[in-house]
Structures are given as structure tokens and as C-alpha cells.
Amino acid sequence: MYVRQIKKMILNMYSKAMRILLMFCYFLVVATGTSCRDTNTKTETPSDKESRTTDSLEVTTSKDKLILFFGNSLTAGMGLDSNDAFPAVIQRKIDSLGLPYHVVNAGLSGETTASGKNRLEWVMNQKVDVFVLELGANDGLRGVPLSETRKNLQAIIDFVKEKNASTKIVLAGMQIPPNMGDDYTSEFKRIFPELAEKNNLALIPFLLEDVAGIPELNQGDGIHPTEEGQKIVANNVWTVLKELL
């Protein structure tokens, strides 16, 4: 009987010892795992955060220069997908050359020089490096007094310069059919080179050169270029624009 009690005591002691040993092993494993995670996880220091922010800023501002196309339905690409309008064609050319410029198409169908002047302040609420002015065609087609067209275009040019003197301005020359008479048509055509010379602007002699009057390059209305016509217009613009970039 005494021997049985001794065996029972030994078994109890052994059982307690095993439980203690198992608990010790468990805590050892947990501690080791935590240590490994701490070792493999890099602590981000303030300098690391600053570097990461700088890298992100450099990515988001890689195209930090803006070209704004301000015009009517010719610029907007009326009747076509916006990706086929000449500003989008120019953006693809710029991207292919790796130039740090972003194109914004601010063309609005039906825009006249008067309505464009009124819309300008809202459009210029951003820093513009190159401003391409394409307005006047709707004035001519509606028979707006030429003195008013000239005055409005000059007001737009003045506003852009006052907003940012370093903005480079490109003026797109325009011509109209002789419906309004030879005198009106001729004087309308002279507005653009004269304003360009007066204000020292880059001039696209005629935006629709090699497109106007060619049926296969214009849509059914005979006024707005087709997709192929827009590519030619883009080349007309690029010939002048590339010298400023």
C-alpha cells in the first residue's frame, strides 16, 4: 500500500513537470516568432517617409507643363471621338517624343470670340505654359462686325498675358468662304497675322490648310474635318507648336 502511494506521488510530479515543460516550449515558440517578425519588418523613419513622398510627387508631376487649346468645334472635334480631335493627336506626338507636356482640350462647339472672352477666366484658373487660341470662325460665318472680332481676340490675348506673362501664345489663323463679300472675307483673313505681329505671337497661318474645301477630308457639313482631316490639322499646328516646346 505504501509503495502504491509513492508511485502515485511520482506520477503526479511527472505530470506537473511535463505541463510546465510544454508551457515553456509554447512561450519560446511565440517569442521566437515575434522576434522574427520584428527583424523582417523595417521601421519607417522620418527620412524614409520624406523620400517616399518626394518620389510620389515626382511621379505625379512628371508632366508639369500645360498646353491649353482654347477654341470652338474645330478644336473640340465635333462629330468625332475626342481622341481623334487634333489636340489629342498632338498629345500622342508629344508622348512619343517624351516631352513633359500635358494637353487640355478646352474647345467648345459654337464658341465665338465674345463667348470665349467670357469663359476665359474660368479656363485660366491653372498655370498654362502654352495657350493655343483658335477662335473667330463662328464670328465670320455669322457676319459679326470685324472690329468686334478683333477687339475680342485682343482682349483674350491681353487677359492671358496678364494672368501669366510667361505663357506662350499661339494664334490659329482662319479663313472663311466669300459668302459675306470679298471685303469682309479679306479683312477677316488679315485679323490673325496682324494680331500676331502686334502682340509678338506664334502664328499658324491657316488652321485648315490642305483640309478646307476637300470633301473627303471633311464631314457631311463640309466644315468639320474627318479623322484624317484632323491629323492634317494637327500637323499644321505642330509645325508651329514644336518650336515653342
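In the protein chain, 75% of the contacts with a separation of 6 or more are between residues 24 or more positions apart, where contact means heavy atoms within 4.5 Å. This is a predicted model, in which local features need pLDDT of at least 70, side-chain atom pairs count only at pLDDT 80 or more, and totals for chains, interfaces and linings use all residues. Residues are numbered from 1 along each chain as its sequence is written, and side-chain values use heavy atoms, with hydrogens and water left out.

The chain has 245 residues, and 37% of them count as buried. Buried is under 20% relative accessible area, exposed is over 50%, and partly exposed is in between, with a 1.4 Å probe and protein chains only. There are nine helices and five strands. Both are DSSP runs numbered from the N terminus: helices are H or I with at least four residues, strands are E with at least two. From the N terminus on, the order is α-α-β-α-α-β-α-β-α-α-β-α-β-α.

Now strand E3, residues 130-134. Five of its five residues are buried, so E3 is largely enclosed by the rest of the structure. Val130, Val132 and Glu134 point one way, while Phe131 and Leu133 point the other way. Note that Glu134 is buried along with the others.

Which strands does E3 pair with? One is E1, residues 65-71, parallel to E3 over five bridges. Another is E4, residues 168-172, also parallel, with four bridges. Two strands pair here if DSSP finds at least two bridges between them.

Leaving aside neighbours within four places in sequence, Arg119 is in contact with Phe70, Gly71, Ala106, Gly107, Leu108 and Glu111. Arg119 sits in helix H5, residues 113-123. Is Arg119 buried or exposed? It counts as buried, because its relative accessibility is 18%. Its side chain reaches the backbone oxygen of Ala106 at 2.9 Å.

Next, the largest pocket. The search uses a 1 Å grid over the protein atoms alone; a pocket is an open set of points where a 1.4 Å probe fits, with protein on both sides within 12 Å along at least five of seven lines, and lining residues have an atom within 4 Å of a point. The largest pocket holds about 330 Å³ of space, the volume being the space filled by probe spheres set on the points. It is lined by 18 residues, and Leu141, Gln175, Pro177, Leu208 and Ile223 lie nearest its centre. Helix H3 (73-76) and helix H6 (137-142) are the elements that give two or more residues to this lining. The largest share, three residues, comes from H6.

What is the lining made of, by class? Ten residues are nonpolar, eight are polar and none are charged. Nonpolar covers Ala, Val, Leu, Ile, Met, Phe, Trp, Tyr, Cys and Pro; charged covers Asp, Glu, Lys and Arg; the others, Gly among them, are polar.

Last, two backbone angles. Most residues other than glycine have a negative phi. Asn200 has a positive phi, near 55°. Asn200 lies in the loop between helix H8 (182-199) and strand E5 (202-204), and it counts as exposed because its relative accessibility is 72%. Asp210 also has a positive phi, about 65°, and is not a glycine. Asp210 is in the loop between E5 and helix H9 (227-241).

Key. Polar contact = N/O pair within 3.5 Å; in protein donor to acceptor, adjacent residues only side chain to side chain.
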